[in-house]
Amino acid sequence: MRISLDEAAARLKSGEVVAMPTETVYGLAADATNDAALQQIFTIKQRPADHPLIVHIGDMRQVDDWAAVFPDVAVKLAQTFWPGALTLVLPARNHVSQVVRGNEPTIALRVPNHPVALALLKLSGLSVAAPSANLFTQLSPTTAEHVEAGLGAAMPVLDGGACQVGIESTIVSVSADGQWQLLRPGMISEADIARVTGSPQHAQLAGTDRILTQPALNVPKAPGQHALHYSPRTPLSLFKDKAALIHESETIVQAGLQCAALLIGAGDKPNCTVIQLQNQPAQVAEQLYSALHTLDALKVDRLLVELPPDTPAWAAVLDRLSRAGG
Ligand code: TXA
Ligand code: MG
């Protein structure tokens with residue numbers, strides 16, 4: 001159900017949940033200071049309670065309302081990338097709700113770069129917690145239609161058009177002493193972060209996989225960063241090689257089954273429904289979830305996806321595809 005900006009602000013102020021656009025993906029928003037409203041996010045998403053939420057603020061000056069410290073390194077990152085697709089995880093102030101931070105000692109903050117999101121924050125006068133507006137483990141939404149398809153037609157959605165970045169923000173954790181760590185890759189790259197901070201990622205903590213598989217004491221976790229994430233319902237297979245993908249499609253068709261394919265760049269195509277994206281990281285990111293939603297809706301037996309090259313420019317797209325592929 002589409003709602004106006006005024007109605008979205010009114011609903012947020014009265015403790016309700018609404019879906020809002022951001023430049024990355026649509027978010028399921030609630031007043032970040034209202035625990036009952038926050039609980040509804042977890043209920044609607046069917047998301048475990050220990051998964052912390054990102055708080056969306058309208059202005060960098062609001063960081064101090066949430067974070068106990070705002071280290072120089074984090075200030076530089078905020079000045080460079082906000083409003084934008086960067087989430088900063090900082091030590092939380094004591095009063096910050098345990099619900100919004102999933103019992104973590106830290107809080108995740110972001111100023112979104114979307115005029116409608118910024119207008120909503122301003123009009124409501126609130127900071128809003130917003131995870132992606134999809135069911136836990138399902139594909140993230142990049143249009144109002146995706147939100148309604150995933151969460152039901154009754155979900156109030158503030159329509160801000162198709163998301164321009166298309167995949168979730170880069171998440172960087174910054175400790176009180178200014179050490180930083182990439183918790184989730186995004187279109188703002190690790191190299192972009194290192195250039196601005198003037199330092200490499202904290203060596204001992206580096207590598208998301210290590211954090212995921214071996215959570216150790218004092219190591220900031222990236223809850224929700226497990227393998228089963230961002231999946232379409234149709235079984236999906238990933239291919240480094242176009243020829244292997246085409247060969248697999250022939251095997252599937254010969255077995256009397258149906259498949260569809262997502263290809264990156266021009267070249268040969270399999271004999272099935274194909275979405276072909278331009279061989280350019282920002283464009284693939286923008287259209288990735290939309291393409292997967294479209295292919296998923298075909299209800300074929302298998303989705304075949306061509307992987308981009310394993311280079312830093314493609315890191316975020318590769319991350320999302322490898323999660324979708326399991
Ligand atoms: O682009 C985005 O970030 C989108 C839009 C709506 O802003 N939001 C989003 O939220 O992707 P979500 O909930 O799907 O992913 C947020 C992730 C969590 O899964 C968790 O890994 C990380 O942010 N996170 C949040 N708070 C954290 C904290 N205190 N420490 C470590 N990781 C945290
Ligand atoms: Mg999500």
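Two strands count as paired here if DSSP finds at least two bridges between them, and strands themselves are DSSP runs (E, at least two residues), just as helices are runs of H or I with at least four residues, all numbered from the N terminus. With that in hand, D31 stands opposite V128 in β6. This is a predicted model, so local features need pLDDT of at least 70 and side-chain atom pairs count only at pLDDT 80 or more, while totals for chains, interfaces and linings use all residues. Residues are numbered from 1 along each chain as its sequence is written, chains are lettered from A and ligands numbered from 1 in the order in which they are written, and side-chain values use heavy atoms, with hydrogens and water left out.

**The sheet**

- Let's start with the open sheet of 8 strands, which has mixed pairing and runs in the order β1-β2-β6-β3-β5-β4-β7-β8.
- Its edge strands are β1 (18–20) and β8 (180–184), each pairing on one side only.
- As background, strands of a sheet pair through backbone hydrogen bonds, either parallel or antiparallel.
- A hairpin joins β1 to β2 through 6 residues, and these two strands pair in the antiparallel sense over 3 bridges.
- Within that pair, M20 stands opposite G27 in β2.
- Strand β2 (residues 27–31) is mostly covered, with 5 of its 5 residues buried (buried means under 20% relative accessible area, exposed over 50%, and partly exposed in between, using a 1.4 Å probe and protein chains only).
- β2 also pairs with strand β6 (residues 128–129), in the antiparallel sense and over 2 bridges.
- Further along, β4 and strand β5 (residues 106–110) are antiparallel partners over 4 bridges, and P91 has T106 in β5 as its bridge partner.

**Helices and what they pack against**

- In helix α4 (residues 72–81), the buried residues are V73, A74, L77, A78 and F81.
- These residues cover an arc of only 135° around the axis, which puts them on the same side of α4 (the arc is that of the directions from the helix axis to the C-beta atoms).
- On the face of α4 turned away from that buried side, you'll find the exposed residues D72 and Q79.
- The cover over the buried residues of α4 includes β4 (86–91), β7 (170–174) and α7 (190–197).
- Helix α7 lies across β4, β7 and β8, running at about 160° to β8 (axes are lines fitted to C-alpha atoms, for helices over the stretch in contact, and angles run from 0 to 180 degrees between N-to-C directions).
- Helix α11 (residues 315–325) has 8 of its 11 residues buried, so it is largely enclosed by the rest of the structure.
- Those buried residues of α11 are A316, V317, L318, D319, R320, L321, R323 and A324, and they pack against β8, β9 (236–239), α10 (281–297) and β12.

**Charged side chains**

- Side chains of opposite charge can pair when their charged atoms come close.
- The count comes to 13 salt bridges (a salt bridge is a side-chain nitrogen of Lys or Arg within 4 Å of a carboxyl oxygen of Asp or Glu).
- E7 forms one with R11, the closest N and O atoms being 3.0 Å apart.
- E7 and R11 are 4 residues apart in helix α1 (residues 5–13), so about one helical turn separates them, and E7 is partly exposed at 32% relative accessibility.
- R61 and D59 form another, again with the closest N and O atoms 3.0 Å apart; R61 is exposed with a relative accessible area of 68%, whereas D59 is partly exposed at 26%.
- E248 and R302 meet in a salt bridge too (2.9 Å, N to O).
- E248 lies in helix α9 (residues 242–254) and R302 in strand β12 (residues 302–306), so the pair ties together parts that are 54 residues apart in sequence.
- R2, E145, E148 and D159 are linked in a network of salt bridges.

**A buried lysine**

- K45 is found in helix α2 (residues 35–45).
- K45 is buried yet has no salt bridge, and the nearest side chain of opposite charge, E168, is 7.9 Å away (Lys and Arg count as positive and Asp and Glu as negative, while His and the chain ends are not counted).
- Leaving aside neighbours within four places in sequence, K45 is in contact with L28, P131, S132, N134, L135 and F136 (contact means heavy atoms within 4.5 Å).
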